[in-house]
Amino acid sequence: MSGLAPLPAAVALAGRIAIIAAPTDQAATAMAALVARHGNAPLDDAQVVVALGGDGLMLETQHRLLGRNLPVYGMNCGSVGFLMNDFSDDGLAERLSLAQAATLHPLRMRAFIGNGEPVEALAINEVSLLRETRQAAKIRILVDGKQRLSELICDGILVSTPAGSTAYNLSAHGPIVPLGANLLPLTPISAFRPRRWRGALLPAEARVVFEVLEPEKRPVAAVADYTEVRDVRLVEVWEDRQVALTMLFDPDHGLSERIIAEQFTV
């Protein structure tokens, strides 16, 4: 649950709602309807942000708001919208005042490129390593300083947050993880050797290190959500508990329930 105080009653939110929309006609139309009713507060004056679009916009908005401690209530004007609520231009203030909060901690990636320079980024969904050429990647995996896999030959590998476990991680046949499980999925992408290795579930406090083997012959890129770093040699990944992100959901459509329901979707 969120560490933020509950949002004020609907009447107290008047003039304190900031609205952000994806660059699509559907989102623009939705934004115009909501702004006509509620206005559009500057972020500095807002108590809550409403994001209109898909999951990509939710990630973009959360990155944009880092450090502001503002909860984000998404409404789906995209395709999948796993992190979003259903769209309606009625009763927005009432929905916000009744919404339930989910607090997420992103992954922090520290990637070292060929010249030894470190590059850091945050990931709300996952940090992934991906081969850059036709050559398969060769990657050594260490967890908390202990070598766990001396050589993984693959297209790539990823570490996911629980919220991101239904995204790329699921597509790579990784497990779906409930929010309160305090686990991070470690999932290979098209593993060639060891062929039968399906990944691991790591404790949330684990620190994962990926060492790229034969980097000149088999170059690898590292991606934290939409921040890409090419020609990496070593990548560290851990959950950053110093950073908290808050998403708001309708009471009958919470994120934990969605993650459980997704596991029974066929």
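P194 sits in the loop between β11 and β12 (200–203). In this predicted model, the peptide bond that joins R193 and P194 is cis, with omega at about -10°. That is worth a glance on your screen, because most peptide bonds are trans, and most residues other than glycine have a negative phi.

H173 is not a glycine, yet its phi is positive, about 70°. You will find H173 in the loop between α4 (168–171) and β11. Is H173 buried or exposed? With a relative accessibility of 72%, H173 counts as exposed, because the cut-off for that class is over 50%. N182 is also found in the loop between α4 and β11, and N182 has a positive phi of about 55° although it is not a glycine. N182 counts as partly exposed, at 48% relative accessibility.

## The largest pocket

Next, have a look at the largest pocket, which holds about 430 Å³ of space. Its lining is made of 24 residues, and A102, T103, L104, L179 and G180 are those that lie nearest the centre.

Sorted by class, the lining has 13 nonpolar residues, 8 polar ones and 3 charged ones.

In soluble globular proteins, nonpolar side chains tend to be buried together. Here the largest nonpolar core has 46 residues, and I17, V49, V50, L52, L92, L96 and L255 have the most contacts inside it. Strand β2 (residues 48–53) supplies the largest share of this core, 5 residues. There is also a second, separate core of 31 residues, with L129, C154, V159 and F210 among them.

L92 touches I17, L34, H38, V50, Y73 and M75, leaving out residues up to four places away in sequence. L96 belongs to helix α3 (residues 92–98), and L96 counts as buried because its relative accessibility is 0%. From C-alpha to C-alpha, L96 and V48 are 8.3 Å apart in space, although 48 residues separate them in sequence.

## Helix α2 and its cover

Helix α2 (residues 55–64) has several buried residues: L57, M58, L59, T61, Q62 and H63. What lies over them? The cover of the buried residues of α2 includes β1 (17–21), β2, β3 (72–76), β6 (118–123) and β17 (245–249).

## Salt bridges

How many salt bridges does the structure hold? There are 16. In one of them, the side chains of R37 and D90 meet at 2.9 Å, N to O. This pair links distant parts of the chain, with R37 in helix α1 (residues 25–38) and D90 in the loop between β3 and α3, 53 residues apart. D90 is partly exposed, with a relative accessible area of 45%.

Another salt bridge brings together the side chains of R140 and E211, at 2.8 Å from N to O. R140 lies in strand β8 (residues 137–143) and E211 in strand β13 (residues 207–213), so this pair ties together parts that are 71 residues apart in sequence. R140 is partly exposed, at 24% relative accessible area, and E211 counts as partly exposed at 23%. The side chains of R218 and E214 meet in a salt bridge as well, at 3.0 Å, N to O. Here R218 is buried, with a relative accessible area of 10%, whereas E214 is partly exposed, at 35%.

## A network around D240

Salt bridges that share partners also join R108, R110, E120, E236 and D240 into one network. Where in the chain is D240 found? D240 lies in the loop between β16 (232–239) and β17.

D240 is a charged residue, and D240 is buried because its relative accessible area is 9%, while the cut-off for buried is under 20%. Leaving aside neighbours within four places in sequence, D240 is in contact with H105, P106, R108 and L122. D240 and L107 are 133 residues apart in sequence, but their C-alpha atoms are 5.7 Å apart in space.

Definitions and conventions. Residues numbered from 1 in each chain as written. Predicted model: local features only at pLDDT ≥ 70, side-chain atom pairs only at ≥ 80, totals over all residues. Heavy atoms only, no water. 1 Å grid on protein atoms, 1.4 Å probe; cavity = no way out; pocket = protein on both sides within 12 Å on 5 of 7 lines; lining within 4 Å. Points joined across faces, edges and corners; volume = space filled by probe spheres on them. Core = buried A, V, L, I, M, F, W, Y, C linked by side-chain atoms within 4.5 Å. Buried < 20%, exposed > 50% of the residue type's maximum accessible area, 1.4 Å probe, protein only. Helix = DSSP H or I, 4+ residues; strand = E, 2+ residues; numbered from the N terminus. Contact = heavy atoms within 4.5 Å. Salt bridge = Lys/Arg side-chain N within 4 Å of Asp/Glu carboxyl O.
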